[in-house]
Amino acid sequence: MLPSLEHLLVLQDRDRRIASLKAETARIPQEIAAVLKRVQDESARLEAAKFQLKQIEADRKKLEIDADGKRTQINKYLIQLNQIKSNTEYQALLKEINNAEQEIVHLEDVELELMEKNEQLQPLLKQEQVQLKEISANGEAEQAELKHRAQTAEQELAQLQREREALVAQADADVLARYDRLMKSKSDFAIVPILHGNCGGCHLNLPPQVVHNAKNGGDVVSCDYCGRILYCQAQ
Ligand SMILES: [Zn+2]
């Protein structure tokens, strides 16, 4: 194989690793955002459970105040009852007292229901608290891992770039220009092997003359169909 082609193969290997590392590092911020979102979502679920419990407690307190109000009212009625002379008024007031007592029973029933609801929600609250702790801890570990990966990738990338620069400095200017153009337009491979008489890039069957020229190694040979530079793998 032409030394310039061997050189290009090394350059292509570095370029492909650079591209894949860049793609990997480009994904990292999104992955970190996804981790943060998981923590935020769980935190929101916990807040919602807390809010629900708070609401229940507020409703229960209000019922208690209402019931207390009714009790005070009944006490007032009882005092009035002693001062009433007319039987009709007396009966009417008794009815009021009875109504108020019924309302207190109803308020206490609803209050009991709320207390039961509160008890049912307590395990859910605990569960959300445990989950948030777990998700936060996992999230921090994942974030640390992702940041570490970004750092390592950055170092690898710098090393590969240095290697690339050295390879470029040694490369044949014409072949390099051809390589760069192909890399830009194909965005996968600029130099490909001949595989069973086919181009390793576009997979089309190559004329025997082209295969022969590539095998001979006298000049840089390109695929007529896709333009990629061809080389023969050592048999
Ligand atoms: Zn081709």
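The centres of domain 1 and domain 2, taken over C-alpha atoms, are 63 Å apart. Domain 1 covers 17–170 and domain 2 covers 172–235, with bounds that come from an automatic or database domain assignment. Before I go on: this is a predicted model, in which local features need pLDDT of at least 70 and side-chain atom pairs count only at pLDDT 80 or more, while totals for chains, interfaces and linings use all residues. Residues are numbered from 1 along each chain as its sequence is written, and side-chain values use heavy atoms, with hydrogens and water left out.

I start with Glu42, which sits in helix 1, residues 3–83. Helices here are DSSP runs of H or I with at least four residues, strands are runs of E with at least two, and both are numbered from the N terminus. Is Glu42 buried or exposed? Glu42 is buried, because its relative accessible area is 0%; the cut-offs are under 20% for buried, over 50% for exposed, and partly exposed in between, with a 1.4 Å probe and protein chains only. What does the side chain of Glu42 make a polar contact with? The partner is the side chain of Arg45, at 2.7 Å. A polar contact is a pair of N or O atoms within 3.5 Å; within protein, one must be able to donate a hydrogen and the other to accept it, and residues adjacent in sequence count only if both atoms are side-chain atoms. Setting aside neighbours within four places in sequence, Glu42 also touches Glu128, Gln131, Leu132 and Ile135, where contact means heavy atoms within 4.5 Å.

Next is Gln170, in helix 2, residues 87–170. Gln170 counts as exposed because its relative accessibility is 59%. Gln170 and Ser4 are 166 residues apart in sequence, but their C-alpha atoms are 9.4 Å apart in space.

Now the zinc ion. Which residues are its protein donors? They are Cys199, Cys202, Cys223 and Cys226, each through SG, at 2.2 to 2.3 Å. Donors are N, O and S atoms within 2.8 Å of the metal, or 3.2 Å for Na, K and Ca; water is not among the atoms, so sites may look incomplete. Along the chain the donors follow the spacing C-x2-C-x20-C-x2-C. The site is tetrahedral, with angles of 106 to 118° among the four donor atoms; for four donors, that term requires all angles to lie between 85 and 135 degrees. Cys199 is buried at 1% relative accessible area, whereas Cys202 is partly exposed at 25%.

On to helix 4, residues 208–216, where Val210, Val211 and Ala214 are buried. Seen down the axis, the buried residues of helix 4 fall within an arc of 100°, so they line one face; the arc is that of the directions from the helix axis to the C-beta atoms. An α-helix has 3.6 residues a turn, so residues three or four places apart point the same way. The buried residues of helix 4 pack against strand 1 (191–195), strand 3 (221–222) and strand 4 (229–231). On the other side, Pro208, Lys215 and Asn216 are exposed. After helix 4 comes Gly217, with a positive phi near 70°.

Last, two histidines. His196 is not a glycine, yet its phi is positive, about 50°. His196 lies in the loop between strand 1 and strand 2 (198–199), and is exposed at 81% relative accessibility. His203 has a positive phi near 70°. His203 is in the loop between strand 2 and helix 4, exposed at 55%.

Definitions and conventions:
Tetrahedral: all angles 85-135°; square planar, octahedral: opposite > 155°, others 65-115°.
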